[in-house]
Every structure is written in structure tokens, then in C-alpha cells.
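Please take a moment to look over the sequence and the structure shown below, and then follow the paragraphs that lead from one place in the chain to the next.

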Amino acid sequence: MDIEYIREFVILSEELNYTRTAEKLFINQSALSRHIAKIEEIVGAKLLVRTTHNVALTEIGVKTYENFKKIITDYDHAIKNVELYTKGLTGTIRLGLLYYHVEIYAKNILKKMKEGYPSIEVSFSSYQPKEMLESLENKTIDIAIYWNLPKIRPPFVEYQPLNEEKLVVVLSNAHPLANVEEIMPADLSNNTFIMIKDSEISKYAKNLLESRGVKIDHCAICENIDLLHLTVNETNGFAIVPAAIHYMQREDIIYKEINDPSFKVNTCFIYRGDHNNAALPEFLRLMSSIKF
């Protein structure tokens, strides 16, 4: 099947108008109609319903559009990478960051890339953890900075170590431990432990606490990290989060370090093993020489 026919079908599926699509593609409507008919003949299904004024996708047409759009994206990306190789290394790295990591990493990464590879651009997107993994899986981003935890290792992901990040305790100002200079794991026994919904860090921290013999009074669930300060104050419990969240300063909560070297998490670059970004290996090579 001609790749340009596929491209025409994708654009028509978005425009839902033969006239606009033909104008956009600089072809006549009769040619466009023939190409769409050829696609339907090849796939053996009706993909579009055309009336006098409207065009609509059939159910299988919607599925075909989604698949064809991915084909076009991958094809265009591959062609672009060939150009990178032939013209000298240029391109774009689409980097995903947890939104509380932006302040820590973005500025240094940009600085080092401008020094080492000024022709490679880095674009940043910030996410919640689950959304970032989905974006990497869907190839919306090329690479991300994430945690290297045993239970969250998607099969499609490769890792490059970055650094270690301490885990800290989050307390309300009214909590008895708020004025304690140094918190030991045992000090957290018989308190309410706040787990952030669907957070692997919360699960990891709970396992660490239990391995240190900490008896948790009961668990409270916080819907997301943006609401953590409210849950901490409502329950007078505690949460354990990466130290980077210090950037989310609030007057009604306090962060305390834990006097136990085990309370840390490894951060790393994660990327798809089947990536097709020619600039990515050079990016990783440069990042491996940097200490953040």
C-alpha cells in the first residue's frame, strides 16, 4: 500500500471533508476518492461513509485511522532520522520529567546539551508518574527520568543510572515528631501512614518501614500528591516521598529526613529499547558523564 495513500486517509479522517483534504494535499477530489477506494479494497472493509455534505468514519474506520496515524508517525520519524545521519547529528530529544523534578534537572540538562551538542534540541514535558510511563510506552516522549524500583520495570524499557534520591517524611506542623531533630524509622510506629493512590513509591516506602519493624497504626489513601498536604493535616499522619518534593513548599507541612540510609530511591533515565531516535545514544552518552 502506498504510504501517501495512508497519509491521505489520515488527513481525510481528521478533516472529514473531501474538498478541504484535497486542497490540503494539493490533489483533486477524484484522485483522493480513488486512493481511498483502493485502501478499502486492500483492507476489505468500508472505512468511510460519504453523504452529500458529510464524511463519517465507520467503526473499523476509526480503528484503521488510529493504526494508520501511528504508521505515518513512525515513517516520518524514520525518514527524519535518516536525514540526521546524512546531514550531521541534529534532532530533538523529547524528555519526560516528573513535575517536581523539573527544577532539579531541566536547567542542568539544557546547559550540558548546549555545550556538548548544540544542534540537538531538548523539549520537556512534565507528568504524574503513571502518565509518564504511558507517554513513554506510546512514544509521545523518547526518554524520561524515573525511579528504578524492582516492581515497576516495564518490559519495553531500558535503564541508565542517574543518581540517588533520599526519601523524606511529610508531617503536619502539629504532629509530635514535627519538632524532633532526627527521625528514626521506629519513631514512626503506631502512626497513620498515608499512601498516595497508585504510587509505587508509597508501596516501596511501606515495605521499607515494615522491614524495619515499624508498626503502622492504619493506612490512609491520598488521591494524588497535590492533595497530600490536606490529607496529612486531616489525619495527622505521615507520608514518605522523594526529597525532590521539597520544591512543593507549603506552610502547613514539614519535611524531615530519616536517619536510615536505606530510605532512598535510585533515579535513572528510562527509554524504549526499540527507540528510533538517532540523537538518543549521544544524549545518553553525554548524560552518563554528568553528576546532578
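**A walk through the predicted chain**

Phenylalanine 26 has its place in the loop between helix H2 and helix H3 (29–43), where helices (DSSP runs of H or I, at least four residues) and strands (DSSP runs of E, at least two) are numbered from the N terminus. This is a predicted model, in which local features need pLDDT of at least 70 and side-chain atom pairs count only at pLDDT 80 or more, while totals for chains, interfaces and linings use all residues. Residues are numbered from 1 along each chain as its sequence is written, and side-chain values use heavy atoms, with hydrogens and water left out.

Is phenylalanine 26 buried or exposed? Because its relative accessible area is 77%, phenylalanine 26 counts as exposed; the cut-offs are under 20% relative accessible area for buried, over 50% for exposed, and in between for partly exposed, with a 1.4 Å probe and protein chains only. Its backbone also deserves attention, for phenylalanine 26 has a positive phi of about 60 degrees although it is not a glycine. Most residues other than glycine have a negative phi. A second residue with a positive phi is leucine 16, at about 50 degrees, and leucine 16 is not a glycine either. Leucine 16 is found in the loop between helix H1 (3–15) and helix H2 (18–25), and because its relative accessibility is 34%, leucine 16 counts as partly exposed.

The secondary structure of the protein chain comes to nine helices and 11 strands. Along its principal axes, the C-alpha trace spans about 80 × 45 × 30 Å. The radius of gyration of the chain is 25 Å, whereas a compact globule of 292 residues would have one near 19 Å; this radius is taken over C-alpha atoms, and the globule rule is 2.2 Å times the number of residues to the power 0.38. Buried residues make up 45% of the 292 residues. Among contacts (heavy atoms within 4.5 Å) between residues at least 6 apart in sequence, 74% join residues at least 24 apart.

The chain has 33 positive and 39 negative side chains, and the centres of the two sets lie 3 Å apart. In this count Lys and Arg are positive and Asp and Glu negative, while His and the chain ends are not counted, and the place of a charge is taken as NZ of Lys, CZ of Arg, CG of Asp or CD of Glu.

Two strands are said to pair if DSSP finds at least two bridges between them. Strand E5 (residues 143–147) pairs with E11 in the antiparallel sense over five bridges, and strand E6 (residues 157–172) is joined to E11 by nine bridges, again antiparallel. Which residue of E11 is the bridge partner of tryptophan 147? That partner is threonine 267, and threonine 267 is also the bridge partner of asparagine 163. Further along E11, isoleucine 270 stands opposite tyrosine 159.

Strand E6 has other partners as well. Four bridges join E6 to strand E9 (residues 239–242), and these two strands run antiparallel, with valine 170 having alanine 239 of E9 as its bridge partner. E6 also pairs with strand E10 (residues 253–257), in the antiparallel sense and over five bridges, and here serine 172 stands opposite isoleucine 253.

A few single residues complete the picture. Threonine 231 lies in helix H8 (residues 228–235), and because its relative accessibility is 11%, threonine 231 counts as buried. Not counting residues up to four places away in sequence, threonine 231 touches Ile194, Ile221, Cys222 and Asn236. Serine 211 lies in helix H7 (residues 200–211) and is partly exposed, with a relative accessible area of 48%. Lastly, alanine 279 lies in the loop between E11 and helix H9 (280–287), and it is buried because its relative accessible area is 0%.
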